[in-house]
Amino acid sequence: MKHLSVAKVESLSHRYSKDWAIKNINFEVFNQRILGLLGSNGAGKSTTMNILCGVISQTEGIAWIDGINIREQPVIAKKQIGFLPQKAPLYMELTVNEYLTYCAHLRSIPKAEIKNALDVAKRKCGIAHFSNRLIKNLSGGYQQRVGLAQAIIHNPKLVVLDEPTNGLDPNQILEVRKLIKEIAEDRAVILSTHILSEVQATCDDIVMIENGQTVFSDTLSAFNNYIKPNSLIMELTTIPDESEIKSIEGVTDVSIINKNTIRVFFKESDGMTQRLIRESVTKGWSLNEIFLEKASLDGVFAQLSGKAPQNL
Amino acid sequence: MRKIFRIAKLELNLMFYSPIAWLVLVLFTIQTGITFFDLLYTQETSQQLGRPLSVLTKVLFAGDKGILATVQRNLYLYVPLLTMGLFSREFSSGSIKLLVSSPVTNVQIVLGKYFALLIYGLLLMGILSLFIIPAEIGIKDADLPFVIGGILGNYLLLCVYAAIGLFMSSLTSYQIVAAISTLAVLAFLNFIGTIGQQYDLVREITYWFSLNGRTNNFVNGLISTKDLVYFFVIMLMFLAFTYMRLEFSRLILSRSRKIMNYLGVVLVCVGIGYVSSMPVCNYYYDSTRFKDRTLTDTSQNILDLMDSKQDVEITSYVNILHYSAQYGTPLNRIDDQNHFEKYRRFIPEMKMNYIAYYDTVPYNRDTVLTLSEKAKNAASAYKFDFEKVLNPNQIRSEINLLPEHNRLVRFLSYNGKTTPLRMFDDILAYPGEREITAAFKRLLDDPVKIGILSGHGERNIQILDNSGFKVFMNGTNVRSSLINQGFDVFEVTGSAGHKLIDSIDVLVVSDPVEKIDSTVVNSISDYLLAGGDAIFTADPGNENLNHFFDLLGIEKLEGTLLEESEDFEMDLIQGKIPPVAEKLNIKFYDDAIVTLNKAMGLNLEKVQNTYEVTPLVITNIETVWSKIGPFDLGLERVKFDPSAEQKKAVPVIVALEKQFENNRQRIIVSGDSDFLSNSEMTRNNLRNVNASFATKVFSWLVDDKFPIKTSRPKALDTEITINRNQILVWKYVFVILLPILIAITGIYLLMRRKRF
């Protein structure tokens with residue numbers, strides 16, 4: 001099924017002072033898909049999201065929301081956006097109902113439809129039973145759900161979530177991720193994070209930003225391929241000769257970490273571990289431990305950031 | 001609009017979901033309640049003690065201590081408490097992102113938050129309006145429009161403060177910083193009016209920005225477009241700043257562009273303010289019952305007679321060496337001009353020029369420095385530009401100010417005519433409506449000419465001896481002096497050559513010690529026979545006026561009047577004004593006295609045949625008798641001798657009147673000259689009314705042409721109709737019951753919400 005394009009950024013560039021915060025960012029978000037905006041802290045994720053939500057105005061480039069240029073018609077464009085910033089924009093003194101009613105009014109929901117919109121949003125976010133509780137009396141996870149509820153209350157075509165699981169406990173993280181997937185069932189979602197597993201758990205598409213530039217932009221599966229492991233660590237009682245290991249099928253390189261540990265590089269991971277175990281048993285290298293080196297986000301960033309020019 | 005309303009509603013809710021809004025309401029109610037009822041209680045005490053009360057509505061609501069004045073002074077303390085959180089709270093909690101990512105414009109955000117404050121402000125003004133109830137019940141004929149004008153003024157001030165607070169709150173994410181910087185800006189706006197006052201252009205601008213005293217006008221009953229425009233412009237300026245602040249956080253602009261934008265707004269506001277403060281663009285509404293803040297109809301009618309108002313000019317000559325220079329300093333310029341504000345309202349085109357000079361002054365303690373050195377010091381002290389200060393030669397070639405003793409004097413000119421407008425040696429210093437209007441009238445009309453006969457040892461008008469008439473007639477810096485009330489006073493000799501009747505309006509002949517020669521006698525007789533108005537005063541034993549007394553039919557009673565007194569010389573007579581004098585508009589309170597010195601009684605039997613006679617001052621029947629024969633109070637002890645002498649009420653000063661062709665001839669005859677003397681005019685050991693009595697006498701003589709009557713109707717609201725117990729009950733309602741009700745409502749609401 002072909003998904004409809006909901007938002008698009010073209011050559012988006014922005015600078016706060018002299019230096020560019022982001023430069024030439026391009027991506028497109030589709031209906032019913034979750035786009036993960038991945039990047040380390042200070043990479044330009046929040047700037048991109050703030051531009052997309054009309055909080056700041058970009059220096060160059062265009063951001064379209066549902067075909068509307070947000071810089072030129074911000075009020076119309078914002079009707080199609082639900083935004084949950086890093087820190088949920090809540091009024092702690094209000095009850096959930098009061099807060100969501102206010103949000104509904106701000107988002108131009110007709111008066112007659114407000115009650116229904118509230119009910120739907122609360123049900124979706126699982127906070128219907130807290131309707132009359134003061135927000136400050138809710139736990140962090142539920143506060144985050146209220147934040148999500150305000151982002152979807154007006155049924156926007158695009159929901160933008162800035163690190164939505166930040167500060168939540170593992171259970172809450174799982175619940176919120178589930179919620180995000182539900183939210184994406186009938187709209188487009190952009191989600192920013194610096195946690196790789198979050199992207200892998202929730203996103204369909206990934207845009208990775210580093211030093212203000214796009215270093216990766218494709219689907220999750222393409223990304224997974226991209227960050228496939230290509231090394232493993234072996235701990236041995238006695239280390240054999242390098243050439244012996246290199247001679248094993250598929251091994252491209254070897255480096256010695258210390259007197260018991262070596263790192264083995266390869267191209268294809270299929271059957272590699274089995275081949276190495278078999279070889280060590282055969283040759284009596286006394287293998288104590290062997291494991292695949294999983295790509296950490298740092299590693300990925302290090303790997304990908306090599307593609308990003310350092311001097312913007 | 002719906003969104004503005006929603007944002008405002010949320011802000012109001014947030015205010016009332018925290019204790020601060022309730023606390024402010026409670027404190028405000030208590031403070032205003034105590035102020036109002038304490039004042040009312042004090043006034044009630046005065047009423048019980050039988051003291052006359054001043055205009056109660058003004059005392060209780062305006063003035064220095066009234067509640068509207070108190071609120072005006074304290075408002076700056078309340079407002080930052082309410083405004084500090086408006087934006088800074090949203091910045092620090094991050095909730096601002098809800099607003100900026102929602103389909104609302106920055107204008108809607110700013111207005112929404114501002115309207116919340118305006119609505120809260122209405123609550124405060126509602127509390128103030130509640131005081132109308134006890135005022136209406138407790139004061140007879142309270143002046144309500146005046147109170148409402150004052151409340152409006154306070155509300156506008158609150159609107160301005162709120163706009164400033166809103167902007168300051170948008171600059172920081174710390175509420176306390178917002179509150180303190182709001183206080184700082186308010187203090188600055190109060191202080192800015194004193195900056196650069198010595199420079200002509202800067203003065204107008206900085207003064208215009210000044211908040212100081214703006215609300216005073218509203219509270220005290222004068223609503224003007226100038227002040228209204230000020231409030232709206234400052235309010236809009238800060239709202240615009242707030243809007244720009246929000247816009248600039250979205251758009252990334254260079255600092256210089258931002259500053260340019262802010263400056264642009266300031267310039268537009270200054271422009272509007274400058275235009276609006278020009279007298280030509282100004283409109284007024286006087287909210288007092290009897291239009292106290294406006295010129296009287298008398299003055300207005302006189303000003304209406306001017307057909308080319310653009311020619312009106314007031315030129316002030318400021319001798320920087322005289323102490324009066326302080327009124328004419330550049331620093332005091334706006335204040336100085338404000339003393340003529342009532343006139344500028346009706347003659348907006350009036351020009352006011354200032355010429356600074358230096359010249360000798362009568363007293364001179366410093367004998368070391370030269371005049372020009374002293375002038376340099378004075379110029380530097382008063383911040384005059386010494387280059388522009390005229391030296392003695394320059395000023396003398398332009399105008400002779402010696403008759404004005406080289407002190408600050410103004411000249412009012414119109415259509416080629418000029419008349420002086422002086423400063424006075426009394427507590428007010430500035431000329432009031434009576435003096436200024438008299439000056440205007442002199443320019444439109446001929447002044448009344450008072451001829452003082454001289455040359456025969458008469459009382460003179462040039463020096464300040466005890467017996468002379470200078471203080472009352474010719475005292476340049478005495479407010480009540482005839483020359484400052486519209487009269488021209490000059491000496492005449494009465495010698496042949498010109499007819500007195502053509503050159504003067506009133507002739508004054510006072511106690512000539514030398515015999516008057518026959519040509520002068522004839523000249524005066526002709527004057528009287530031609531219907532001229534005159535005053536004749538003679539002390540006991542003076543025979544030099546006998547001719548005129550005979551002519552008029554007045555007989556002098558024998559002897560010198562003496563009055564029994566423990567405190568004063570016996571020849572000091574405390575004369576009474578009989579009720580019949582009211583016919584001539586000469587009326588005082590019951591025991592008012594006119595002091596006479598060495599007086600004699602008058603016999604009116606004969607004069608009644610030719611003139612309508614009204615006694616103006618008579619002696620006290622219980623204490624005054626006529627001592628016949630020579631005596632010397634300094635050497636002997638004189639006592640009333642009941643066997644030979646008789647106490648009686650005799651007339652000493654009388655008014656004669658008769659129809660003469662188309663005119664009424666009016667003559668005053670007095671058996672005492674001292675009632676007009678310098679010593680009686682300045683007497684301070686007895687509460688005499690000589691000055692106002694003499695003024696009224698002259699007013700009658702000239703058919704009320706001068707002095708100008710600027711009296712207004714008597715205030716109605718001078719009576720408290722509830723007793724002190726009722727006042728206390730009202731006080732408890734406002735100071736205890738009402739705050740408790742507000743507090744209970746607040747606590748109930750807050751507690752109920754806490755449970756959610």
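This is a predicted model: local features need pLDDT of at least 70, side-chain atom pairs count only at pLDDT 80 or more; totals for chains, interfaces and linings use all residues.
**Domains**

The domain assignment divides chain A into domain 1 (5-220) and domain 2 (231-294). The centres of these two domains of chain A, taken over C-alpha atoms, are separated by 45 Å. For chain B the assignment gives domain 1 (2-289 + 724-754), domain 2 (297-422) and domain 3 (447-701). Between domain 2 and domain 3 of chain B, the C-alpha centres lie 37 Å apart.

**Two interfaces**

The size of an interface is often expressed as the accessible area that is lost when the parts come together.

| Interface | Residues in contact | Buried area | Share on carbon and sulfur | Salt bridges | Residue pairs in polar contact |
|---|---|---|---|---|---|
| Chain A and chain B | 38 residues of chain A, 28 residues of chain B | about 3000 Å² | 60% | 1 salt bridge | 13 residue pairs |
| Domain 2 and domain 3 of chain B | 5 residues of domain 2, 4 residues of domain 3 | about 420 Å² | 39% | 0 salt bridges | 2 residue pairs |

**Between the chains**

On the side of chain A that touches chain B, strand S1 (5-15), H2 and helix H3 (96-106) each supply at least two residues. Helix H3 of chain A gives the most, with 6 residues. By type, the residues of this side of chain A divide into 19 nonpolar, 10 polar and 9 charged. The side chains of Glu98(A) and Arg753(B) form a salt bridge, with an N to O distance of 2.7 Å.

**Within chain B**

In domain 2 of chain B, the most area is lost to domain 3 by His405(B), Arg407(B) and Arg422(B), together 88% of what that side buries. The residues of domain 2 that touch domain 3 divide into 1 nonpolar, 1 polar and 3 charged.

**A buried lysine**

Is Lys78(A) buried or exposed? Lys78(A) counts as buried because its relative accessible area is 6%, and the limit for a buried residue is under 20%. Lys78(A) is found in helix H2 (residues 74-78) of chain A. Leaving aside neighbours within four places in sequence, Lys78(A) is in contact with residues of chain A, including Cys53(A) and His154(A), and with residues of chain B, including Val100(B) and Pro103(B). Leu158(A) is 80 residues away from Lys78(A) along the chain, and the C-alpha atoms of the two are separated by 9.6 Å.

Notes
Residues are numbered from 1 along each chain as its sequence is written. Chains are lettered from A and ligands numbered from 1 in the order in which they are written. Side-chain values use heavy atoms; hydrogens and water are left out. Domain bounds come from an automatic or database domain assignment. Contact means heavy atoms within 4.5 Å. Buried area is the accessible area (1.4 Å probe) that two parts lose on being put together, summed over both. A polar contact is a pair of N or O atoms within 3.5 Å; within protein, one must be able to donate a hydrogen and the other to accept it, and residues adjacent in sequence count only if both atoms are side-chain atoms. Ala, Val, Leu, Ile, Met, Phe, Trp, Tyr, Cys and Pro count as nonpolar, Asp, Glu, Lys and Arg as charged, and the others, Gly among them, as polar. Helices (H or I, at least four residues) and strands (E, at least two) are DSSP runs, numbered from the N terminus. Buried means under 20% relative accessible area, exposed over 50%, partly exposed in between (1.4 Å probe, protein chains only).
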